[in-house]
Amino acid sequence: MSSLPPTAGQTIPEETVSKRLRPFLAVLIVVFASCHALKLLVSILPEGNRPDLLPFGMSNAYEVLTGSQQNWNMFSTIPSHHDYDARIVITAADGVTRQEGVLLPGFQRFPKPEQVRFYNFFERMLDGSMGDEVRNAYLLKMDAALWESGKIQPGETWALEVDEDFTRHLKYIRKDGQIFQRRTQRFAMKPQPPVSPNP
């Protein structure tokens, strides 16, 4: 028995509508799943060689929305850092420098060997992973603490210096025997002496 098209005034049953939409939804799901799988496969590549599949920086937004952002450093065969050290370097007006620790309160030295929580905090704070606001807040707090403790005087400047000794690949170590490659980062700010309250 053939079904006739609905005449004027008749409505199409919901069951018929859902049957007509099923092939379209199936195709839509397959296309989305395939694109998502491709995105996950591409995310395995190192970030420097990874193509950006979506324009206008939408890849990052997509990863956040779907929870598919991948960090593959858990599979690293060797630690990325051979050594890590941070310090405050104060420079006097005559160019003479002295050092203070970076841990507040008390300007404690960066622990050796480095403790994981301090290492993770400084690495993420200084590379921008936590946002510039966190780094700026730390620098401002350090600046205030230096003035309050009398460790810095008018005319002196200070900067946060970080030595990162990156472990080199075994192929290169075998060539010249150099185990690590050092990168020194310097974060400087203009000291702001505290304003004394009016009497």
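Read along the sequence, the pattern goes α-α-β-β-α-α-β-α-β.

A word on what we're looking at: this is a predicted model, where local features need pLDDT of at least 70 and side-chain atom pairs count only at pLDDT 80 or more, while totals for chains, interfaces and linings use all residues. Residues are numbered from 1 along each chain as its sequence is written, and side-chain values use heavy atoms, with hydrogens and water left out.

On confidence, then. The chain averages a pLDDT of 80 (that's the predictor's confidence in each residue, from 0 to 100), and 77% of the residues score at least 70. Helix H2, residues 58-66, is where confidence is lowest, with a mean of 76; strand S2, residues 97-100, is where it's highest, at 94.

Now burial. The chain has 199 residues, and 26% of them count as buried. Buried here means under 20% relative accessible area, exposed means over 50%, and partly exposed is in between, using a 1.4 Å probe and protein chains only. As for contacts, meaning heavy atoms within 4.5 Å, take those with a separation of 6 or more: 56% come from residues 24 or more positions apart.

Let's zoom in on helix H3. Its buried residues are Phe118, Tyr119, Phe122, Met125 and Leu126. Seen down the helix axis, they fall within an arc of 145°, so they line one face of H3; the arc is that of the directions from the helix axis to the C-beta atoms. On the other side of H3, you find Val116 and Arg117 exposed. And what covers the buried residues? Among other things, strand S1 (81-91), helix H4 (132-149), strand S3 (157-167) and strand S4 (180-189).

So how do H3 and H4 meet? Their axes come within 8 Å and cross at roughly 110°. That makes H3 roughly perpendicular to H4, a label for angles of 65 to 115 degrees; under 35 would be roughly parallel, over 145 roughly antiparallel, and the rest oblique. The axes are lines fitted to C-alpha atoms, for helices over the stretch in contact, and angles run from 0 to 180 degrees between N-to-C directions. The residues meeting there are Phe122, Met125 and Leu126 from H3, and Val134, Arg135 and Tyr138 from H4.

Leaving aside neighbours within four places in sequence, Met125 is in contact with Met130, Val134, Arg135 and Tyr138. Just after H3, Gly128 takes a positive phi of about 90°.

Next, the largest nonpolar core, which has 25 residues. By a nonpolar core I mean a set of buried Ala, Val, Leu, Ile, Met, Phe, Trp, Tyr and Cys residues joined through side-chain atoms within 4.5 Å. Touching the most other members are Ile88, Val102, Phe122, Tyr138, Trp158 and Leu160. S1, H3, H4, S3 and S4 each supply at least two residues of this core, and H4 gives the most, with six.

Last stop, the loop between S2 and H3, where Pro105 sits. The peptide bond from Leu104 to Pro105 is cis, with omega near 0°. Phe107 lies in that loop too, with a positive phi near 55° in a residue other than glycine. At 11% relative accessibility, Phe107 counts as buried.

Key: Helix = DSSP H or I, 4+ residues; strand = E, 2+ residues; numbered from the N terminus.
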